Structures are given as C-alpha cells and as structure tokens.
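The following note sets out numbered points for a colleague's review. Please read each point beside the coordinates.

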There are 2 protein chains.
Amino acid sequence: MLSVDVVNIWTYVSTMTRSEPRPYHHGNLRQALLNEADRMIRSSGVEGLTLRRLGARVGVSRSALYRHFADKRALLIAVATDGFRSLREKLVEAWERGGRNPEAFRAMGAAYVEFAVRNPSHYRVMFGGFLDPEARNPELVSEGGGAFQALVDAIATLQRDGYARLDNPVLLARHAWAVVHGVAMFGIDAQLREPGALEELAEFSIEQLRAGLARTRKE
Amino acid sequence: MLSVDVVNIWTYVSTMTRSEPRPYHHGNLRQALLNEADRMIRSSGVEGLTLRRLGARVGVSRSALYRHFADKRALLIAVATDGFRSLREKLVEAWERGGRNPEAFRAMGAAYVEFAVRNPSHYRVMFGGFLDPEARNPELVSEGGGAFQALVDAIATLQRDGYARLDNPVLLARHAWAVVHGVAMFGIDAQLREPGALEELAEFSIEQLRAGLARTRKE
DNA sequence: ACCTGAACACCGTTCAAGT
DNA sequence: ACCTGAACACCGTTCAAGT
C-alpha cells in the first residue's frame with residue numbers, strides 16, 4: 001500500500017535528487033564497516049581502531065555506525081566472530097586435505113599458528129580479553145565453540161583409528177589448543193626475532209604434542 | 001651553599017605552613033602511583049586504568065604523574081616489569097624448594113599458571129601486546145629475560161642430571177613456556193568455567209610437558 | 001531507512017604558573 | 001622539587017532533526 005512506498009521514498013528521493021555529497025550505504029554499510037575495521041586493525045592494532053576514524057574512512061557520519069552495532073564492543077565481537085569462523089575453516093581444511101591422520105593433525109597445528117601470525121591483531125581481538133566473558137554473545141560463543149570442536153573431532157578420529165590415547169577427547173583438545181595458542185603468542189609478540197626461530201619452535205612443539213597424544217596412558 | 005637550600009625550601013615551607021589540603025609525596029609518589037595502578041588494574045582491568053582517575057585516587061593533580069612517568073605506556077611498562085620480577089621469584093622459589101628435580105619442574109609449571117590466574121590483569125599487561133615490541137625498555141626486557149632464564153636454568157639442570165633430553169635448552173624452555181602460557185590463557189579467559197577444569201588441564205599439560213622433555217630424542 | 005550535526009562526559013598530554 | 005589549573009585534541013555515545 002501507500003505506507004510501503006513511504007518507507008522507501010527517502011531513499012528514492014535522496015539517490016535521485018541529492019547532489020551526491022556522500023553515497024548512501026543501503027544495507028551493505030554493516031559489511032563495509034566490518035571490512036574497514038578489519039583493515040584498520042590490521043594496520044594499526046586494536047587500539048588504533050576508533051569509531052570516529054572508522055566512520056570517516058567509510059564516508060559516513062559518526063553516529064551512522066550505531067544503526068548496525070550497539071557500541072564499540074559489539075563491533076569487536078563481530079570482528080572476533082568472523083575471525084573464529086575463518087580460523088575454523090583453516091583448521092578443517094588442513095585436517096581434511098591432509099587425510100585425517102597424525103600427519104594431518106600436525107598440519108592442523110601449523111595452520112593454527114600460521115593463522116595467528118598472519119592475523120595478529122585479529123587474533124588479539126579474539127583472545128586478548130577485550131571481550132569480557134560476561135558479554136556472552138551467542139554467535140561469538142557458537143563460532144568459537146565451532147573452531148574448538150574441529151580440534152575435538154580430529155582427536156576423536158585419531159582415537160578411533162588407534163593413533164591417540166583414549167583420554168577424554170575434550171581434555172586432549174584443550175591441551176592441544178593450549179600448546180598451539182602458546183606457540184602462536186610467542187610468534188605474535190615477536191619475541192622470536194631470529195629468522196626461523198618460530199618455525200623451529202612450532203615444529204618442535206607440535207611434534208611434542210603429537211607424540212604425547214600417541215603415548216599410551218601409562219608410560 | 002645557598003642554592004642547595006633554595007632547592008628544598010619550598011618543601012620546607014609547604015610542609016610547615018600549608019593548611020594541608022593535600023599531603024605532598026616526597027619521592028614515594030612513584031611507588032604510590034604504581035601501587036594504586038596495580039589495585040586499579042586488579043579490580044577493573046587495564047582498560048579501567050586512566051591516568052586521571054589514578055591521580056585522583058592517590059590525591060594528586062593530573063599532571064603530577066608526568067614527573068615520574070613519561071606517559072601512560074611508561075607506567076604500564078613499569079607495571080609489567082614488576083610483574084616479571086614477581087613471576088621470576090615465584091618460579092625460582094618453586095624450583096628450589098622442590099629440590100631441582102623433575103617434580104620441582106612440575107611445581108614450577110603449576111606456580112606459573114597460578115601466578116597468571118591470580119593476577120590476570122597484570123598478566124595481560126605483561127603479555128597482552130599493550131606494550132609494542134618497539135618499545136624496547138631495557139629494564140622490561142631484562143626482567144622478562146630473567147624470568148625466562150629461570151626456565152632455561154631449570155631445564156639445563158634436568159639435562160645435567162639425566163632427566164631431560166639433550167636438545168638446545170633454549171628451545172626446550174620456549175616449548176615449556178608456550179605450554180604453561182597456553183594453559184594460563186585458558187584459565188584467564190575463564191573459558192574453563194567448570195570447577196576443577198583448569199586444574200585438570202594444568203596437571204595434564206604439565207605432565208605431558210615433563211614426559212616430553214624426558215623422552216629420548218628419537219622415540 | 002538511513003544519515004547529520006551538535007552536544008555531553010570522558011580521555012592523554014602539555015604548559016605556564018604557583019608553593 | 002613538586003604540584004596546580006586551564007587548555008588542547010581526541011575519544012565513545014546520544015539525540016533531536018533532516019532527507
């Protein structure tokens with residue numbers, strides 16, 4: 001009816017008659033903001049991301065952003081959620097392409113470290129505690145859980161095929177996560193400056209991890 | 001001569017004649033600021049620490065702080081430096097009190113995780129990347145290196161006594177640090193909510209670590 | 001629906017001035 | 001030596017108003 005047209009008439013009018021001081025973002029503004037936030041975090045770190053500069057870069061007023069995100073934390077949560085989704089994809093790909101065997105498990109560990117080192121600021125948003133655990137955003141929890149589940153599934157498969165000890169796979173996955181997370185942090189903090197040092201550590205730690213999972217319950 | 005007295009006369013005058021609106025901090029202001037910053041970080045996290053509130057809590061004007069720290073980053077570096085010193089003390093104590101043997105090595109790992117979990121905000125300042133690696137504050141680097149050296153020394157001793165494989169002790173120490181760091185991060189992010197889950201993981205991971213170090217070079 | 005502009009309360013930091 | 005008070009340039013966030 002009429003009301004439907006009224007709803008969109010401003011869009012029509014503005015696109016047809018405005019002297020184009022700024023193009024409107026129709027529905028893709030959210031994604032444009034996320035993309036630009038990604039770029040800013042990548043180049044200047046989380047502390048370099050301010051909503052005002054983000055808006056200016058996208059070509060939008062200060063408050064336009066609040067149509068799509070409740071506040072800055074909500075935007076960071078969205079960034080972290082995307083990061084977890086991307087990480088899970090990388091992990092699953094390495095595991096499946098490697099043939100779901102102990103060697104593929106090592107490839108999965110290497111993929112984890114690589115993701116963190118190639119996206120350090122992203123990784124910090126995901127694990128740096130900027131997002132207080134009270135902010136239990138369901139999508140974030142679900143996406144983070146999905147990435148962790150990829151590890152649990154891989155370990156359960158190794159167990160089924162006789163490659164891994166039969167402890168609780170969740171405990172084994174937590175241990176595996178701790179190892180790769182620790183290695184990744186070493187790499188991110190750039191405390192390993194010597195070329196090859198991170199690769200050496202990653203290889204060693206992941207091999208230690210694999211051998212430890214293979215070790216029988218009582219040594 | 002006269003100039004010496006002139007230098008301190010204001011202190012004399014102010015302590016004797018002022019109607020005590022605010023007590024002066026003679027030389028201990030720096031420590032008072034660090035102590036209060038510690039308390040604020042502990043209760044509200046790093047993002048809860050603002051220089052203005054810090055000054056107000058200590059009872060000092062906004063700019064007084066700049067007599068002791070170049071800027072906010074310098075204050076955080078000082079906090080991190082203290083943290084590393086404290087951590088090293090805890091590690092060395094656990095190692096020596098335990099008798100410098102494999103069991104003591106486990107105690108050292110547990111002490112590490114305990115330090116992180118009991119001082120989560122401190123720990124984040126130390127490792128959260130708030131301090132960009134470019135800011136190579138010599139004291140911070142030295143104190144952080146000291147804590148790491150405690151690990152290297154312990155592993156070298158284990159090697160000498162036939163308890164650990166003979167790889168490069170620095171590599172072994174990096175691996176050990178990665179493991180306990182990863183476990184600590186799990187605990188800090190409170191992703192392990194179930195009671196006892198963190199203890200279970202810490203015990204498992206540290207035992208994996210110890211067994212891995214004991215394993216001979218070629219399994 | 002989507003955006004603007006001004007305003008508010010808060011930052012870190014500086015600097016001339018005070019005791 | 002140590003501190004104050006005002007100022008500057010920046011934040012995140014809100015809200016009435018515009019198209």
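1. Contact is taken here to mean heavy atoms within 4.5 Å. On that basis, 41 residues of chain B are in contact with 40 residues of chain A. The model is predicted, so local features need pLDDT of at least 70 and side-chain atom pairs count only at pLDDT 80 or more, while totals for chains, interfaces and linings use all residues. Residues are numbered from 1 along each chain as its sequence is written, chains are lettered from A and ligands numbered from 1 in the order in which they are written, and side-chain values use heavy atoms, with hydrogens and water left out.

2. Extent of the interface. Buried area is the accessible area (1.4 Å probe) that two parts lose on being put together, summed over both. Between chain B and chain A this area is about 3300 Å², and carbon and sulfur atoms give 55% of it. B:Arg174, B:Phe204 and B:Gln208 supply 19% of the area that chain B buries against chain A, more than any other three residues.

3. A salt bridge is a side-chain nitrogen of Lys or Arg within 4 Å of a carboxyl oxygen of Asp or Glu. The count of such bridges between chain B and chain A is zero. A polar contact is a pair of N or O atoms within 3.5 Å; within protein, one must be able to donate a hydrogen and the other to accept it, and residues adjacent in sequence count only if both atoms are side-chain atoms. Six residue pairs, both members at pLDDT 80 or more, are in polar contact between chain B and chain A.

4. Elements and composition of the interface. Helices (H or I, at least four residues) and strands (E, at least two) are DSSP runs, numbered from the N terminus. On the side of chain B that touches chain A, helix 6 (120–127), helix 8 (169–188) and helix 9 (197–214) of chain B each supply at least two residues. Helix 8 of chain B gives the most to that side, with 12 residues. The residues of this side of chain B divide into 18 nonpolar, nine polar and 14 charged. In this division, Ala, Val, Leu, Ile, Met, Phe, Trp, Tyr, Cys and Pro count as nonpolar, Asp, Glu, Lys and Arg as charged, and the others, Gly among them, as polar.

5. Two interface residues. Buried means under 20% relative accessible area, exposed over 50%, and partly exposed in between (1.4 Å probe, protein chains only). B:His175 lies in helix 8 of chain B and is buried, with a relative accessible area of 4%. Leaving out residues up to four places away in sequence, B:His175 touches A:Leu201, A:Phe204, A:Ser205, A:Gln208 and B:Leu209. B:Gly129 is in the loop between helix 6 and helix 7 (138–160) of chain B and counts as partly exposed at 27% relative accessibility. With the sequence neighbours up to four places away again left out, B:Gly129 touches A:Arg124 and B:Arg124.

6. Helix 9 of chain B. Of its 18 residues, 13 are buried, so helix 9 of chain B is largely enclosed by the rest of the structure. The expected span of a helix is 1.5 Å times one less than its number of residues. For helix 9 of chain B this gives 26 Å, in agreement with its end C-alpha atoms, which are 26 Å apart.

7. Fold of chain A. Chain A has nine helices and zero strands. Buried residues make up 48% of its 219 residues. Among contacts in chain A between residues at least 6 apart in sequence, 67% join residues at least 24 apart.

8. Salt bridges. Over all chains, the structure holds 26 salt bridges. B:Arg165 pairs with B:Asp167 in a salt bridge whose closest N and O atoms are 2.6 Å apart; B:Arg165 is buried at 10% relative accessible area, and B:Asp167 is buried at 11%. Salt bridges that share partners join A:Asp82, A:Arg85, A:Arg88 and A:Glu143 into one network. In chain B, B:Asp82 forms a salt bridge with B:Arg85, the closest N and O atoms being 2.9 Å apart. These two residues are three residues apart in helix 4 (residues 72–97) of chain B, and are therefore separated by about one helical turn.
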